[in-house]
Amino acid sequence: MTATADSHAGGEVGQARLRKEDARLIAGRTRWTDNMSLPGMMHMAILRSPLAHARINRIDTSEARSMSGVEAVVTGADVADDQGSLPCAWPITEDMKSPNAPSLAVDEVNFAGEAVAVVVARSAAEAHDALEAIEIDYEELPVVLDMSSAMTEGSDLVHPDLGTNASATWVFDSAEAGTGGSADEALAGAEVTVHRTFRQQRLIPAFMEPRSILVDPTGEQTTMWSATQVPHILRLMLAMTTGVDEHKIRVIAPDVGGGFGGKLQVTPEEVITFLVARKLGKPVKYTESRSESFTSAHHGRDQIQKLSLAANRDGTVTGLKVELLADMGAYLRLVTPGVPILGAFMFNAIYKIPAYHFSCTNVFTNKVPTDAYRGAGRPEATFAIERMMDELAAELGMDPLEVRERNWIKHDEFPYTTVSTLTYDSGNYEAATARARELFGYDALRAEQAERRRRGDTVQLGIGVSTFTEMCGLAPSRVLGALSYGAGGWEHGAVRMLPTGKVEVITGSSPHGQGHETAWSQIVADRLGVGFDDVEVLHGDTQSSHKGLDTYGSRSLTVGAMAVVQAADKVIAKARKIAAHMLECAEDDVEFSGGRFTVRGTDTSTSIQEIALAVFAAHDLPDGVEPSLDSEATFDPENFSFPHGTHLCATEVDTETGRVRLRSYVAVDDVGNVVNPMIVEGQVQGGLAQGIAQALFEEAVYDETGTLTSGTLADYLVPSAADLPSFTTDRTETPSTTNALGVKGVGEAGTIASTPAVVNSVVDAVRHMGVQDIEMPCTPMRVWRAIHGGAR
Amino acid sequence: MRITVTVDGTRYTDDVEPRMLLVQYLREQLGKVGTVVGCDTSNCGACTVHVDGHSVKSCSMLAVQADGSEVTTVEGLSRDGRMHPVQEAFHDNHALQCGFCTPGMIMQSMDLLAEDADPDEQTVREGLEGNLCRCTGYQNIVRAVQDAAHRMRPGAGPDAERVADETAMSEQTRAEVRQS
């Protein structure tokens, strides 16, 4: 295998280095949690509620307990005193209502799929067999499924003890905040107004590796392996939830097969496995089936978005009002209530909007809890505003790109503080848009579209635009504090020089496909002047990586790698002192470059590897210098980073069948400086697929009883290779000024940008037939009905 | 029931429950954990292996049905540290991110290349329709498969036919494929 796809002058950073991670993964030499076995290990299976809302009158486990191989049957009553309430780290308002959230249901169930009892047995097969012998007497309760009707007077309640289905209402108003005018006044006095209501359908993250947990209670620490994005948060929350001392818990995220926010959670299954293994004193493993995953792991999106936009006839936006209902599902999980609030800062997007009002009411329903899914709040906001900009353009008979340019922040206006209080440090929307237009062949496609309309083709061409930005690099701790989030947004990193000159890098980020091992190696190799292959990146184990806030929110590079850079700089500073001593000169006379410390103006030098060995021996160190060439750092960003881009999508819509074909897709992203362009491109491509999937394919559907009817991969349409085209991707590079690497983050960009680009394109294709909106996913049936005047 | 199966060149005789799936047998009884389970409806293809030279979703076959067969998993493709051309192409084209779908993708790609030694993009996309990936958007997977086809062209190494027959053929043939 070759080491690199192309070369880049000046070092590792910027090179399309092939990934270190791959060799094991392509050979099947993997450490997925479910691959692991321990001596004496038992298997756990979970009995889940088939009902969306019911009281548990009685559970009879006697027959199950007597079955072959069954070690234990555990119900909620058995662990009621130990399990605590699953954590919600984001109380968005002081009066937020949050129900008790047991890991194992005790006396009632609130969604179909909620865990009710577990069997622990010698084999997984025996555990599953015994589940069928557990008898439960349920008393059905009224089911609440629709957010809007849940908010009406006299609605049945998900949690009667709370007295309402509303968890909290969060409001931002620019007039009150002093960042702008009144949106209501802008709308009242507007030359043009556009009103739309959009539905963000419920989605399932659908990471490929089902969740799996293995707990070993036989050591001094109880060790948990879990397919999680957040081993550090998980350890802390296990301690806080169960009362087991934090220092008695070790959490390991081994190979983790995707997450997309879906594994940013402290799950009932983790708490149950932890408690049961400790109770039995034996290792216990639980691995979910795909169907269990879909009916119990958190879902994403699910909002109703009501928007009103005020503008002048020349296309200048004068105000925006946003009213949301957000479906929490049955319980508030780790960051459930905060997801729509993250979106509050993104509705104004790249535009100079002088008046803005946002309100969001979080609503309980008898469905799987929602929480972070790739983009978390920002895709919803970006979708809505980008749809509105297209609707405004249509209303005014303007080109959608022209309307956007009239309103966006110009390159020479940065830094720019938005109406929702964020300060965008940098951006160049003109450059990204110009490049996208060129690659897309925008004018030629518009001409073809006009020609097809003129001819009355049965297949019409649509052109969709999305000029987006997002807030990445979660997050400045002070900002999170102001938003009532329960933790900070820093990240930890460490660099250890070993006696042989090799380097261990420890990162608090916890990758699950992103390629940290490769990218961090590139960064450290450049910083220390060592070889790419001489760097080993350690992560995902609270024993080796003792401190961290993990991976989500496009934060790993902007926050996590910055901590590693700062640790590396501390190592260099230490080494410089020792080098001066070894080279018998003043510290100020030592220059460091390419891994060598040189006495300025001479050819007398020593390498960082030689210093590492000298430090190990410690025979001749300067007075007061510790024999250590290790350092650690914790980086807390001053500001978010703001990747942006222009995405253009062409679709062909068959007006007789409603079928949508993606014809071409151009994505020009500006993610600042790039460490590894190959990895960046991969992130964009994968992100696009997920955003397109929301636009065209995916939806978690519940029937009127609260049963998830899209509960398997046969019913929930994760796109295959045959459903997607090849994408044209390119970049502009406007370095971020908020971190020393000049990076912005790329994990969520494709997903955030692509959904509105596709839907705008589909609507554009049939707008001349009287269509103003098509609800997602734009299935042939929905598109056909929109064209032919039926229900949306 | 007693079965005898050859997996990645090693012969095994075992007593298995009639209900045991081939993938469970591979993972739980033989420790062949390189092959993974991603769903319970045979949609994701993560568990794809070759049985007698053809790709099979090993969650859709009982272990007893594999009695007397030769099974190849992703773990049986490389030898002495040398990867199969399809594996190399996946690495060189960044065709994986988390890597969970990769074993199945590789096994299915080999089957597809045995059917069509020089597939166009659409043929690759349709040939991989039964294998889901959530990370990559498939673009680099498609590129990798086409790249692998070029690497396996006559003159550039063993032809794709050999890949197709690797499990059905003799140990010698299998060794040739591995060393390609």
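Which residue in S12(A) is the bridge partner of A:Ser212? Point 2 gives the reply.

1. This is a predicted model: local features need pLDDT of at least 70, side-chain atom pairs count only at pLDDT 80 or more, and totals for chains, interfaces and linings use all residues. Residues are numbered from 1 along each chain as its sequence is written, chains are lettered from A and ligands numbered from 1 in the order in which they are written, and side-chain values use heavy atoms, without hydrogens and water.

2. The bridge partner of A:Ser212 in S12(A) is A:Thr287. Strand S9 (residues 212-216) and strand S12 (residues 284-287) of chain A pair in the antiparallel sense, over four bridges. Strands are DSSP runs of E, at least two residues, and helices are runs of H or I, at least four, both numbered from the N terminus. Two strands pair if DSSP finds at least two bridges between them.

3. Both strands belong to an open sheet of seven strands in chain A, ordered S3-S5-S1-S12-S9-S10-S11, with mixed pairing. Its edge strands are S3 (70-75) and S11 (249-252).

4. Chain A has a mean pLDDT of 96, and 98% of its residues reach 70 or more. Over residues 1-9 of chain A, the pLDDT is below 50. The pLDDT is the predictor's confidence in each residue, from 0 to 100.

5. Chain B is divided into domain 1 (2-76) and domain 2 (85-179), with bounds from an automatic or database domain assignment. The area buried between these domains of chain B is about 1,700 Å². Buried area is the accessible area (1.4 Å probe) that two parts lose on being put together, summed over both.

Terms used:
Contact means heavy atoms within 4.5 Å.
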